[in-house]
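Reader: Please show me the structure, and then take me through it by question and answer.

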Amino acid sequence: MAPLQGFTEVEYRRAYVDVYGTDAVDMCFTPFIRIEHGEPRPKDLRDALSGLNTGVPFTVPQIICNGPEELVMLRDMLVANGITRIDINAGCPHKPQVNRGRGSGLLSDRQRFGRVMEAVALDTQCRYSLKMRLGTTGPDEWRDLVDVINDTPLEFVTVHPRTGSQQYSGTVDMDRFVEICRMLRHKVVYNGDLLALDDIDRVGALQCRPAGVMIGRGLLARPSLPLEWRDGESWSRDKRMARIMALYQRFEALITPRLCGDSQILSKLRPFWQYLEPEIGRKASKMISKAGNMEAYRKALRYVDM
Ligand SMILES: Cc1cc2nc3c(=O)[nH]c(=O)nc-3n(C[C@H](O)[C@H](O)[C@H](O)COP(=O)(O)O)c2cc1C
(Lines give C-alpha, C1' and ligand atoms only; values in the text may rest on other atoms or scores of the structure.)
Protein backbone atom coordinates (compact mmCIF):
# COMPACT_ATOMS: atom_id res chain seq x y z
CA MET A 1 0.00 0.00 0.00
CA ALA A 2 1.53 3.28 -1.16
CA PRO A 3 1.68 6.26 1.17
CA LEU A 4 -1.03 8.77 0.23
CA GLN A 5 -1.08 11.96 2.28
CA GLY A 6 -4.62 12.63 3.53
CA PHE A 7 -5.78 9.10 2.64
CA THR A 8 -3.74 6.16 3.91
CA GLU A 9 -3.52 7.39 7.49
CA VAL A 10 -3.70 5.10 10.48
CA GLU A 11 -7.52 4.75 10.55
CA TYR A 12 -7.60 3.84 6.86
CA ARG A 13 -4.78 1.34 7.19
CA ARG A 14 -6.51 -0.26 10.17
CA ALA A 15 -9.95 -0.33 8.50
CA TYR A 16 -8.36 -1.78 5.36
CA VAL A 17 -6.77 -4.65 7.25
CA ASP A 18 -9.94 -5.26 9.29
CA VAL A 19 -11.99 -5.63 6.10
CA TYR A 20 -9.52 -7.13 3.58
CA GLY A 21 -7.46 -9.12 6.06
CA THR A 22 -3.78 -9.27 6.87
CA ASP A 23 -2.91 -11.09 3.64
CA ALA A 24 -4.05 -8.39 1.23
CA VAL A 25 -0.97 -6.17 1.36
CA ASP A 26 2.50 -7.12 2.62
CA MET A 27 3.48 -3.67 3.70
CA CYS A 28 1.98 -0.25 4.38
CA PHE A 29 3.80 3.08 4.44
CA THR A 30 2.71 6.10 6.44
CA PRO A 31 2.28 9.39 4.61
CA PHE A 32 5.52 11.34 4.94
CA ILE A 33 6.62 12.85 8.23
CA ARG A 34 8.17 16.30 7.77
CA ILE A 35 10.06 18.90 9.72
CA GLU A 36 7.96 22.01 10.30
CA HIS A 37 9.08 25.03 12.35
CA GLY A 38 12.31 23.21 13.15
CA GLU A 39 10.77 20.04 14.57
CA PRO A 40 8.96 16.89 13.42
CA ARG A 41 5.34 17.87 12.67
CA PRO A 42 3.21 16.47 15.54
CA LYS A 43 0.28 15.56 13.25
CA ASP A 44 2.58 13.42 11.08
CA LEU A 45 4.12 11.75 14.11
CA ARG A 46 0.73 10.96 15.61
CA ASP A 47 -0.10 9.00 12.50
CA ALA A 48 3.17 7.07 12.43
CA LEU A 49 3.28 6.35 16.16
CA SER A 50 -0.37 5.51 16.72
CA GLY A 51 -0.05 3.13 13.81
CA LEU A 52 2.44 0.95 15.60
CA ASN A 53 0.06 -1.54 17.19
CA THR A 54 -2.84 -1.55 14.82
CA GLY A 55 -2.68 -5.13 13.64
CA VAL A 56 -1.52 -3.85 10.24
CA PRO A 57 1.10 -6.44 9.26
CA PHE A 58 4.06 -4.21 8.63
CA THR A 59 3.87 -0.44 8.63
CA VAL A 60 6.93 1.56 7.66
CA PRO A 61 7.03 5.25 8.62
CA GLN A 62 8.09 7.46 5.74
CA ILE A 63 10.13 10.63 6.22
CA ILE A 64 10.83 13.53 3.87
CA CYS A 65 14.09 15.43 4.33
CA ASN A 66 16.37 17.85 2.50
CA GLY A 67 19.64 16.62 3.92
CA PRO A 68 21.28 14.57 6.67
CA GLU A 69 20.34 17.05 9.44
CA GLU A 70 16.60 16.65 8.87
CA LEU A 71 17.03 12.92 8.40
CA VAL A 72 18.82 12.55 11.74
CA MET A 73 16.27 14.73 13.57
CA LEU A 74 13.39 12.62 12.27
CA ARG A 75 15.30 9.38 12.80
CA ASP A 76 16.07 10.28 16.44
CA MET A 77 12.41 11.00 17.14
CA LEU A 78 11.32 7.70 15.57
CA VAL A 79 14.02 5.66 17.30
CA ALA A 80 13.05 7.24 20.64
CA ASN A 81 9.60 5.77 20.00
CA GLY A 82 10.85 2.30 19.21
CA ILE A 83 10.90 2.53 15.40
CA THR A 84 13.88 1.06 13.56
CA ARG A 85 12.64 0.93 9.97
CA ILE A 86 12.27 4.04 7.80
CA ASP A 87 11.32 4.82 4.19
CA ILE A 88 12.86 7.95 2.61
CA ASN A 89 10.71 10.03 0.27
CA ALA A 90 12.64 11.17 -2.80
CA GLY A 91 9.57 11.43 -5.00
CA CYS A 92 7.12 14.02 -3.68
CA PRO A 93 6.47 16.50 -6.54
CA HIS A 94 4.66 19.21 -4.55
CA LYS A 95 6.26 22.64 -4.89
CA PRO A 96 6.36 23.51 -1.15
CA GLN A 97 8.48 20.39 -0.53
CA VAL A 98 10.48 20.45 -3.78
CA ASN A 99 11.41 24.13 -3.28
CA ARG A 100 12.86 23.17 0.10
CA GLY A 101 14.98 20.50 -1.60
CA ARG A 102 12.82 17.66 -0.29
CA GLY A 103 11.04 14.78 -2.06
CA SER A 104 11.82 14.76 -5.79
CA GLY A 105 13.78 18.00 -5.11
CA LEU A 106 16.56 15.83 -3.66
CA LEU A 107 17.22 14.06 -6.96
CA SER A 108 18.78 16.96 -8.90
CA ASP A 109 21.34 17.70 -6.18
CA ARG A 110 23.77 14.82 -6.35
CA GLN A 111 25.88 16.02 -3.44
CA ARG A 112 23.00 16.56 -1.05
CA PHE A 113 21.46 13.26 -2.09
CA GLY A 114 24.86 11.66 -1.49
CA ARG A 115 25.02 13.12 2.03
CA VAL A 116 21.57 11.67 2.83
CA MET A 117 22.74 8.26 1.59
CA GLU A 118 25.91 8.62 3.66
CA ALA A 119 23.81 9.27 6.79
CA VAL A 120 21.85 6.11 5.97
CA ALA A 121 25.03 4.10 5.51
CA LEU A 122 26.44 5.32 8.84
CA ASP A 123 23.23 4.65 10.78
CA THR A 124 23.55 1.62 13.04
CA GLN A 125 20.05 1.94 14.54
CA CYS A 126 17.67 1.78 11.58
CA ARG A 127 17.14 -0.02 8.30
CA TYR A 128 16.02 2.06 5.33
CA SER A 129 14.25 1.88 2.00
CA LEU A 130 14.10 4.61 -0.65
CA LYS A 131 11.13 5.77 -2.73
CA MET A 132 12.14 7.80 -5.77
CA ARG A 133 11.12 9.25 -9.10
CA LEU A 134 13.38 9.52 -12.17
CA GLY A 135 14.48 13.05 -11.35
CA THR A 136 13.38 16.50 -10.21
CA THR A 137 12.83 17.75 -13.77
CA GLY A 138 14.91 15.55 -16.07
CA PRO A 139 14.12 11.87 -16.78
CA ASP A 140 17.83 10.93 -16.65
CA GLU A 141 18.84 12.55 -13.36
CA TRP A 142 18.71 9.13 -11.67
CA ARG A 143 21.72 7.99 -13.74
CA ASP A 144 24.03 10.18 -11.63
CA LEU A 145 22.65 8.63 -8.44
CA VAL A 146 22.93 4.93 -9.27
CA ASP A 147 26.44 4.49 -7.84
CA VAL A 148 25.69 6.16 -4.53
CA ILE A 149 22.38 4.24 -4.19
CA ASN A 150 24.20 0.98 -4.92
CA ASP A 151 26.82 1.82 -2.27
CA THR A 152 24.12 2.39 0.39
CA PRO A 153 22.56 -0.44 2.39
CA LEU A 154 18.85 -0.35 1.53
CA GLU A 155 16.08 -2.91 1.98
CA PHE A 156 14.71 -2.01 -1.45
CA VAL A 157 14.15 0.94 -3.76
CA THR A 158 10.66 1.85 -4.96
CA VAL A 159 10.64 3.60 -8.33
CA HIS A 160 7.77 5.67 -9.72
CA PRO A 161 9.04 6.25 -13.28
CA ARG A 162 8.01 9.86 -13.76
CA THR A 163 9.89 13.07 -13.00
CA GLY A 164 8.75 15.36 -10.20
CA SER A 165 7.79 18.10 -12.63
CA GLN A 166 5.51 15.65 -14.44
CA GLN A 167 3.51 15.38 -11.20
CA TYR A 168 0.98 12.68 -12.17
CA SER A 169 0.56 13.56 -15.86
CA GLY A 170 1.78 11.75 -18.96
CA THR A 171 2.56 8.08 -19.04
CA VAL A 172 4.94 6.17 -16.80
CA ASP A 173 8.32 5.57 -18.45
CA MET A 174 8.58 1.78 -18.49
CA ASP A 175 11.80 1.72 -20.54
CA ARG A 176 13.62 3.80 -17.98
CA PHE A 177 12.09 1.74 -15.18
CA VAL A 178 13.59 -1.41 -16.72
CA GLU A 179 16.95 0.32 -17.05
CA ILE A 180 17.01 1.54 -13.48
CA CYS A 181 15.87 -1.87 -12.28
CA ARG A 182 18.79 -3.51 -14.11
CA MET A 183 21.35 -1.00 -12.88
CA LEU A 184 20.44 -1.07 -9.18
CA ARG A 185 21.83 -3.91 -7.14
CA HIS A 186 18.99 -3.56 -4.63
CA LYS A 187 15.56 -5.11 -4.89
CA VAL A 188 13.37 -2.74 -6.90
CA VAL A 189 9.64 -2.23 -6.36
CA TYR A 190 7.55 -0.80 -9.19
CA ASN A 191 5.05 2.01 -8.49
CA GLY A 192 2.73 3.98 -10.76
CA ASP A 193 -0.66 3.72 -12.48
CA LEU A 194 -1.51 0.15 -11.47
CA LEU A 195 -5.29 0.08 -11.78
CA ALA A 196 -6.15 -3.43 -12.92
CA LEU A 197 -5.00 -7.04 -12.58
CA ASP A 198 -3.42 -6.91 -16.06
CA ASP A 199 -1.34 -3.90 -15.07
CA ILE A 200 0.20 -5.87 -12.20
CA ASP A 201 0.77 -8.90 -14.43
CA ARG A 202 2.57 -6.73 -16.98
CA VAL A 203 5.00 -5.54 -14.30
CA GLY A 204 5.46 -9.10 -13.08
CA ALA A 205 6.36 -10.18 -16.62
CA LEU A 206 9.13 -7.59 -17.06
CA GLN A 207 12.46 -9.25 -17.71
CA CYS A 208 14.20 -7.13 -15.09
CA ARG A 209 12.07 -8.98 -12.51
CA PRO A 210 10.98 -6.30 -10.02
CA ALA A 211 10.67 -7.53 -6.43
CA GLY A 212 7.14 -6.22 -5.96
CA VAL A 213 4.63 -3.51 -6.65
CA MET A 214 3.37 -0.57 -4.64
CA ILE A 215 -0.19 0.58 -5.36
CA GLY A 216 -1.64 3.98 -4.46
CA ARG A 217 -4.57 5.47 -6.35
CA GLY A 218 -5.45 2.07 -7.82
CA LEU A 219 -6.00 0.80 -4.29
CA LEU A 220 -8.34 3.70 -3.47
CA ALA A 221 -10.27 3.05 -6.70
CA ARG A 222 -10.38 -0.72 -6.22
CA PRO A 223 -9.38 -1.67 -2.68
CA SER A 224 -9.73 -5.39 -3.43
CA LEU A 225 -7.13 -5.21 -6.25
CA PRO A 226 -4.28 -6.90 -4.31
CA LEU A 227 -6.57 -9.71 -3.11
CA GLU A 228 -8.09 -10.22 -6.56
CA TRP A 229 -4.55 -10.46 -7.95
CA ARG A 230 -3.60 -13.02 -5.32
CA ASP A 231 -6.81 -14.96 -6.11
CA GLY A 232 -5.81 -14.92 -9.78
CA GLU A 233 -9.23 -13.65 -10.87
CA SER A 234 -11.51 -10.63 -10.66
CA TRP A 235 -14.18 -10.55 -8.01
CA SER A 236 -17.82 -9.94 -8.94
CA ARG A 237 -18.96 -6.36 -8.57
CA ASP A 238 -21.32 -7.42 -5.76
CA LYS A 239 -18.42 -8.84 -3.79
CA ARG A 240 -16.26 -5.78 -4.41
CA MET A 241 -19.03 -3.38 -3.43
CA ALA A 242 -19.93 -5.29 -0.25
CA ARG A 243 -16.34 -4.96 0.95
CA ILE A 244 -16.13 -1.29 -0.08
CA MET A 245 -19.23 -0.53 1.99
CA ALA A 246 -17.76 -2.46 4.94
CA LEU A 247 -14.45 -0.59 4.52
CA TYR A 248 -16.05 2.83 4.73
CA GLN A 249 -18.33 1.84 7.61
CA ARG A 250 -15.29 0.71 9.54
CA PHE A 251 -13.27 3.76 8.50
CA GLU A 252 -16.05 6.10 9.60
CA ALA A 253 -16.28 4.34 12.97
CA LEU A 254 -12.53 4.77 13.47
CA ILE A 255 -12.30 8.45 12.49
CA THR A 256 -15.44 9.61 14.31
CA PRO A 257 -13.91 9.74 17.84
CA ARG A 258 -10.91 11.76 16.57
CA LEU A 259 -12.81 14.33 14.50
CA CYS A 260 -15.23 17.05 15.55
CA GLY A 261 -18.68 16.76 14.04
CA ASP A 262 -20.24 16.02 10.68
CA SER A 263 -18.36 18.53 8.59
CA GLN A 264 -14.91 17.25 9.59
CA ILE A 265 -16.01 13.63 9.14
CA LEU A 266 -17.51 14.41 5.74
CA SER A 267 -14.44 16.25 4.52
CA LYS A 268 -12.40 13.22 5.41
CA LEU A 269 -14.76 10.71 3.76
CA ARG A 270 -15.78 12.50 0.56
CA PRO A 271 -12.42 12.50 -1.32
CA PHE A 272 -12.23 8.70 -1.08
CA TRP A 273 -15.53 8.33 -2.96
CA GLN A 274 -14.21 10.49 -5.83
CA TYR A 275 -11.61 7.80 -6.48
CA LEU A 276 -14.41 5.23 -6.36
CA GLU A 277 -16.50 6.90 -9.07
CA PRO A 278 -15.73 4.24 -11.73
CA GLU A 279 -17.10 1.65 -9.29
CA ILE A 280 -20.13 3.51 -7.90
CA GLY A 281 -21.22 5.57 -10.89
CA ARG A 282 -21.36 9.31 -11.51
CA LYS A 283 -24.73 9.96 -9.91
CA ALA A 284 -23.83 8.47 -6.54
CA SER A 285 -20.40 10.08 -6.65
CA LYS A 286 -21.92 13.52 -7.28
CA MET A 287 -24.47 13.06 -4.49
CA ILE A 288 -21.74 12.08 -2.06
CA SER A 289 -19.60 15.06 -3.03
CA LYS A 290 -22.55 17.40 -2.43
CA ALA A 291 -23.68 15.83 0.86
CA GLY A 292 -23.69 18.58 3.48
CA ASN A 293 -24.39 16.38 6.49
CA MET A 294 -24.19 12.74 7.48
CA GLU A 295 -27.87 12.15 6.74
CA ALA A 296 -27.40 13.33 3.13
CA TYR A 297 -24.21 11.24 2.93
CA ARG A 298 -26.04 8.09 4.02
CA LYS A 299 -28.88 8.84 1.61
CA ALA A 300 -26.30 9.24 -1.19
CA LEU A 301 -24.77 5.88 -0.30
CA ARG A 302 -28.16 4.29 -0.90
CA TYR A 303 -27.85 5.47 -4.53
CA VAL A 304 -24.72 3.44 -4.95
CA ASP A 305 -25.83 0.83 -7.41
CA MET A 306 -25.37 -2.43 -5.55
C1 LIG B 1 -3.10 12.41 -2.74
C2 LIG B 1 -1.72 11.81 -2.82
C3 LIG B 1 -0.90 11.81 -1.70
C4 LIG B 1 0.40 11.26 -1.77
N5 LIG B 1 1.19 11.24 -0.64
C6 LIG B 1 2.41 10.64 -0.72
C7 LIG B 1 3.26 10.53 0.44
O8 LIG B 1 2.93 10.97 1.55
N9 LIG B 1 4.47 9.91 0.28
C10 LIG B 1 4.89 9.40 -0.93
O11 LIG B 1 5.98 8.82 -1.03
N12 LIG B 1 4.10 9.48 -2.02
C13 LIG B 1 2.89 10.07 -1.93
N14 LIG B 1 2.10 10.09 -3.04
C15 LIG B 1 2.56 9.37 -4.26
C16 LIG B 1 2.06 7.92 -4.23
O17 LIG B 1 2.58 7.20 -3.13
C18 LIG B 1 2.47 7.18 -5.52
O19 LIG B 1 3.87 7.20 -5.63
C20 LIG B 1 1.88 7.83 -6.76
O21 LIG B 1 0.52 8.17 -6.56
C22 LIG B 1 1.98 6.87 -7.97
O23 LIG B 1 1.41 5.62 -7.66
P24 LIG B 1 -0.13 5.26 -8.02
O25 LIG B 1 -0.29 5.55 -9.50
O26 LIG B 1 -0.25 3.81 -7.67
O27 LIG B 1 -1.01 6.17 -7.21
C28 LIG B 1 0.85 10.68 -2.99
C29 LIG B 1 0.00 10.68 -4.11
C30 LIG B 1 -1.27 11.23 -4.04
C31 LIG B 1 -2.15 11.19 -5.27
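Author: Start with Arg 209, which sits in the loop between helix H8 (197-204) and strand E10 (212-214). Helices (H or I, at least four residues) and strands (E, at least two) are DSSP runs, numbered from the N terminus. This is a predicted model, in which local features need pLDDT of at least 70, side-chain atom pairs count only at pLDDT 80 or more, and totals for chains, interfaces and linings use all residues. Residues are numbered from 1 along each chain as its sequence is written.

Reader: Is Arg 209 buried or exposed?

Author: A residue is buried if 20 or more other C-beta atoms lie within 10 Å of its own, exposed if 12 or fewer, and partly exposed in between, with C-beta atoms placed from the backbone. Arg 209 has 12 other C-beta atoms within 10 Å, so Arg 209 is exposed.

Reader: What is the phi of Arg 209?

Author: Arg 209 is a residue other than glycine, yet its phi is positive. The value is near 50°.

Reader: Where is His 37, and what is its phi?

Author: His 37 is in the loop between strand E2 (35-36) and strand E3 (39-40). His 37 is exposed because it has 5 other C-beta atoms within 10 Å. Although His 37 is not a glycine, its phi is positive, at about 50°.

Reader: What is the average pLDDT of the protein, and where is confidence lowest?

Author: pLDDT is the predictor's confidence in each residue, from 0 to 100. The protein averages 95, and 98% of the residues score at least 70.

Reader: Why is Asp 47 called buried, and which residues does it touch?

Author: Asp 47 belongs to helix H2. Asp 47 is buried because 21 other C-beta atoms lie within 10 Å. Two residues are in contact if their C-beta atoms, placed from the backbone, lie within 7 Å. Not counting residues up to four places away in sequence, Asp 47 touches Glu 9, Val 10, Thr 30 and Pro 31.

Reader: Which residues come nearest to the ligand?

Author: A residue is near a molecule or strand if its C-beta atom, placed from the backbone, lies within 6 Å of it. The shell around the ligand divides into nine nonpolar, ten polar and three charged residues; Ala, Val, Leu, Ile, Met, Phe, Trp, Tyr, Cys and Pro count as nonpolar, Asp, Glu, Lys and Arg as charged, and the others, Gly among them, as polar. Of the 22 residues around the ligand, those that come nearest are Ala 2, Gln 5, Pro 31, Gly 216 and Arg 217.

Reader: At what angle do the axes of H3 and H5 cross?

Author: Axes are lines fitted to C-alpha atoms, for helices over the stretch in contact, and angles run from 0 to 180 degrees between N-to-C directions. The axes of H3 (residues 68-80) and H5 (residues 110-122) come within 9 Å of each other. They cross at roughly 35°.

Reader: Which residues of H3 and H5 meet?

Author: H5 brings Arg 115, Val 116, Glu 118 and Ala 119 to the contact, and H3 brings Pro 68, Leu 71 and Val 72. The contact residues divide into five nonpolar, no polar and two charged. Leu 71 is buried, as 24 other C-beta atoms lie within 10 Å. Not counting residues up to four places away in sequence, Leu 71 touches Ile 63, Cys 65, Val 116 and Ala 119.

Reader: Where does Ile 64 lie, and how many other C-beta atoms are within 10 Å?

Author: Ile 64 lies in the loop between strand E5 (62-63) and H3. Leaving aside neighbours within four places in sequence, its contacts include Phe 32, Arg 34 and Asn 89. Ile 64 is buried because the count of other C-beta atoms within 10 Å is 27.

Reader: Which element gives the largest share of the side of domain 1 that touches domain 2?

Author: The protein is divided into domain 1 (10-231) and domain 2 (237-302), with bounds from an automatic or database domain assignment. In the contact between them, 14 residues of domain 1 meet 14 residues of domain 2. On the domain 1 side, helix H1 (10-20) and helix H9 (217-221) are the elements that give two or more residues. The largest share, eight residues, comes from H1.
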